[in-house]
Amino acid sequence: MKGKQFETHCIHEGQLEDPIYKGAISPIYMATAYSYEETDRYPRYFNTPNQVGLAQKIAILEGAEEGLIFGSGMAAISTALLAFLKAGDHVVLQNDLYGGTTNLVVEHFNQYGIEYSFATGLYAADFEIEIKENTKVIYIETPSNPLMKIVDLAAIAQLAKKHKLVSMIDSTFASPVNQNPISFGIDIVLHSATKYLGGHSDILAGAVACSAVHMKKVFAVAKGLGGNLSELSTWLLERSIKTLSIRVRQQNENAQALAEYLAAHPAIDAVHYPGLESHPDHALAKKQMHGFTGMMSFEINAAYNRTVFEKALQLIQPVVSLAGVESTITIPAITSHKLLTPEGRAKQGITDQLVRFSVGIEHVEDLKNDLNQALEKTANES
Ligand SMILES: *Cc1c(COP(=O)(O)O)cnc(C)c1O
């Protein structure tokens, strides 16, 4: 399938042939036992026909030599980190990461003898200061959750090369539609496929994309940790990715319009969306992303009651996850960041009035009307 465009790869790359009935889509192979005259084929070796097909699709979408599909985003992230870090090694990480990643590092790396530091800022220099003799990995997440901060991919890749480190990115918020970190020299791309790749809030999965040399190391750990995705979910995820490009482009478009609408609303103090010119890293986002995603967060003015706003929404649903075709909101202070102290949250810029908004593919006017009526009720009742 080389030489085709992204949208075409979404649909056709890695699709399995149906040699018997000539069906138009991939057949599903549910077997957990294969003839030993075959190669060592077994789902936990990530090499069943459906797993191999989907891995190929992810690889081509990220411009990587190889891909590997996992049972969750955290399975992909933990496996990749443990593949390149052993006792005595050190990793430098971005400060504001997905909560599960922070927990893995802070709660468990000590027991493996792995040292870590969090960069205090987002610039390459903030990461470089933390690099030590035994540093092996540099780990970023951009755009970040929930404030949509942007880290310079080319600068981090260059820094990693200078110090001979492996660079990793959690690129979940961007999806391969909006950002392809390997083209900037980043070594390993990680996704929670539960989000944009799945896109329908019904599959938990993860993915790694990187060079064949790096994948050899990831795979060696992966088959021992056993974090493969089930065959049924593998098949479903392949199906979901067929519409990835069209979904995410609509989400980008809706989010841009709604970010502009919210930014102009008197009840809203701030909108964090890289597509707005007011975003501090708008120029950088424009340089390294093809689109600005369907994710944003905004702060409701303290004079307005946030809880009333949440309850007044009729179309937009209050749920924890993100990136589905349906629009959803979550309140970081009481969900993803509730374990931090109020001071800890304030330090990260996460106020009690902050709303994270995952924009879906409903008609944008219906979404605007829902926000508008909820904000009006909020104003009346506060
Ligand atoms: C959800 C998420 C994860 C974790 O993925 P799971 O599929 O829930 O394990 C990791 N990183 C980011 C940015 C996420 O949003």
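Which polar side-chain atom lies 2.6 Å from a nitrogen atom of the ligand? That atom belongs to Asp170, and the pair is a polar contact, defined as N or O atoms within 3.5 Å. With the ligand in place, the protein covers 93% of the 380 Å² of accessible area that the ligand has on its own (Shrake-Rupley method, 1.4 Å probe).

This is a predicted model, in which local features need pLDDT of at least 70 and side-chain atom pairs count only at pLDDT 80 or more, while totals for chains, interfaces and linings use all residues. Residues are numbered from 1 along each chain as its sequence is written, and side-chain values use heavy atoms, with hydrogens and water left out.

The backbone also takes part: a polar backbone atom of Gly73 is 2.9 Å from an oxygen atom of the ligand, and a polar backbone atom of Met74 is 2.9 Å from an oxygen atom of the ligand. Around the ligand there are 14 residues (a heavy atom within 4 Å), and Gly73, Asp170, Ser192, Thr194 and Lys195 come nearest. Helix H3, residues 73-84, gives the largest share of this shell, 3 residues (helices are DSSP runs of H or I, at least four residues, numbered from the N terminus).

The cysteines are a separate matter. The count of disulfides is 0, a disulfide being a pair of cysteine sulfur atoms within 2.5 Å. Cys10 is buried at 0% relative accessibility (buried means under 20%, with a 1.4 Å probe and protein chains only). Cys210 is buried too, with a relative accessible area of 0%.

Notes
Polar contact = N/O pair within 3.5 Å; in protein donor to acceptor, adjacent residues only side chain to side chain. Helix = DSSP H or I, 4+ residues; strand = E, 2+ residues; numbered from the N terminus. Buried < 20%, exposed > 50% of the residue type's maximum accessible area, 1.4 Å probe, protein only.
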